[in-house]
Amino acid sequence: MSKQFKRLLNCMRSISERIDFKPSLALILGSGLGDYADGIKTEYILDYSEIEDFPVSTVPGHKGRFVFGYIGDIRVVIMQGRIHYYEGYPMADVVLPVRLMKMMGAETLFVTNAAGGVNTNYSCGDFMLISDHICLAPSPLIGENIGELGVRFPDMSNIYDKNLRGIVRNTAERLGIKLQEGVYIQLTGPNYESPAEIRMVRTMGADAVGMSTACEAIAANHCGMKVAGISCISNMACGITDQPLTHKEVQETADRVAPLFKRLVTESIMEIYNSSAKY
Ligand code: HPA
């Protein structure tokens with residue numbers, strides 16, 4: 001048995017000692033959606049610090065917890081606070097929660113984030129359905145393969161599930177919410193990009209840039225989860241305007257459009273489950 005799988009089993013044991021809940025969908029909350037879980041019917045809340053062998057936070061005051069509850073009738077586990085590579089964790093730690101949520105029972109992963117708009121047709125405050133990604137951070141699958149979860153060389157041809165994308169697209173249309181669709185690129189951060197880097201990633205085919213998500217989606221695909229993802233374009237990427245980028249701007253835009261973002265996420269998740277019994 002691989003070392004990482006033993007670690008996951010330890011985490012699972014520690015979780016099942018505290019809670020009895022089998023989610024069918026996992027949701028990761030990005031910037032602006034932090035309080036999303038406050039609005040759902042909650043069964044249990046579990047701080048990451050209560051879970052044995054879970055990555056220990058290196059950031060003072062870092063908040064992170066799993067919220068278990070219901071969106072409509074759907075049993076969900078929500079990550080309030082994700083783990084970022086730029087914090088200094090190994091990639092295996094960054095994606096450990098995704099694998100754990102799969103082991104809890106979640107078959108679908110819904111990821112959200114704040115991202116910089118690389119595509120000059122985008123506007124600050126837009127939402128972008130992630131159609132595909134480019135991962136310029138190290139693959140989270142480097143190292144011993146966790147054979148219990150997936151194969152050594154997993155296919156990545158449908159990372160953001162085509163059916164789920166169709167459902168999110170239809171949901172946005174029904175709600176009258178403008179939805180862009182494009183490629184997300186993950187860089188390591190924590191610095192924002194330079195203008196030359198943004199020109200480079202645009203040439204590579206990226207529409208939005210961020211510091212998370214692609215690694216989580218890779219780990220989710222590896223272990224057989226279906227993935228859907230939406231970015232909130234919280235700012236135009238470096239060099240598009242003359243304004244220097246600040247985290248404050250990212251946070252303010254994300255907070256401003258959060259009510260609409262929450263609606264899109266909630267309705268999309270309900271629709272995923274309504275539209276097909278197999279999910
Ligand atoms: N670059 C990288 N990550 C980000 C950005 C950005 O412009 N905005 C929000 N997350």
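Helices and strands here are DSSP runs, helices of at least four residues (H or I) and strands of at least two (E), numbered from the N terminus. The model shown is predicted.

View 1. The buried residues are A214, C215, E216, A217, I218, A219, A220, N221 and H222. Just after α6, G224 has a positive phi of about 85°.

**View 2. The largest pocket and its lining.** The space in the largest pocket amounts to about 910 Å³. Its lining is made up of 36 residues, and S31, H84, Y86, H247 and Q251 are those nearest the centre. At least two lining residues come from each of β5 (108–117), β8 (208–210), β9 (226–236) and α7 (247–275). Strand β5 gives the largest share, four residues. Sorted by class, the lining holds 17 polar, 13 nonpolar and six charged residues.

**View 3. Polar atoms facing nitrogen atoms of the ligand.** A polar side-chain atom of N235 is 2.7 Å from a ligand nitrogen atom. For E193, a polar side-chain atom lies 2.8 Å from a nitrogen atom of the ligand. G116 places a backbone N or O atom 3.3 Å from a ligand nitrogen atom. On its own the ligand has 260 Å² of accessible area, of which the protein covers 95%.

Note on methods: Residues are numbered from 1 along each chain as its sequence is written. This is a predicted model: local features need pLDDT of at least 70, side-chain atom pairs count only at pLDDT 80 or more; totals for chains, interfaces and linings use all residues. Side-chain values use heavy atoms; hydrogens and water are left out. Buried means under 20% relative accessible area, exposed over 50%, partly exposed in between (1.4 Å probe, protein chains only). On a 1 Å grid over the protein atoms alone, a cavity is a set of points where a 1.4 Å probe fits but cannot get out, and a pocket is an open set with protein on both sides within 12 Å along at least five of seven lines; lining residues have an atom within 4 Å of a point. Grid points are joined across faces, edges and corners, and a volume is the space filled by probe spheres set on the points. Ala, Val, Leu, Ile, Met, Phe, Trp, Tyr, Cys and Pro count as nonpolar, Asp, Glu, Lys and Arg as charged, and the others, Gly among them, as polar. A polar contact is a pair of N or O atoms within 3.5 Å; within protein, one must be able to donate a hydrogen and the other to accept it, and residues adjacent in sequence count only if both atoms are side-chain atoms. Accessible areas come from the Shrake-Rupley method with a 1.4 Å probe; for residues, only the protein chains shown count as cover.
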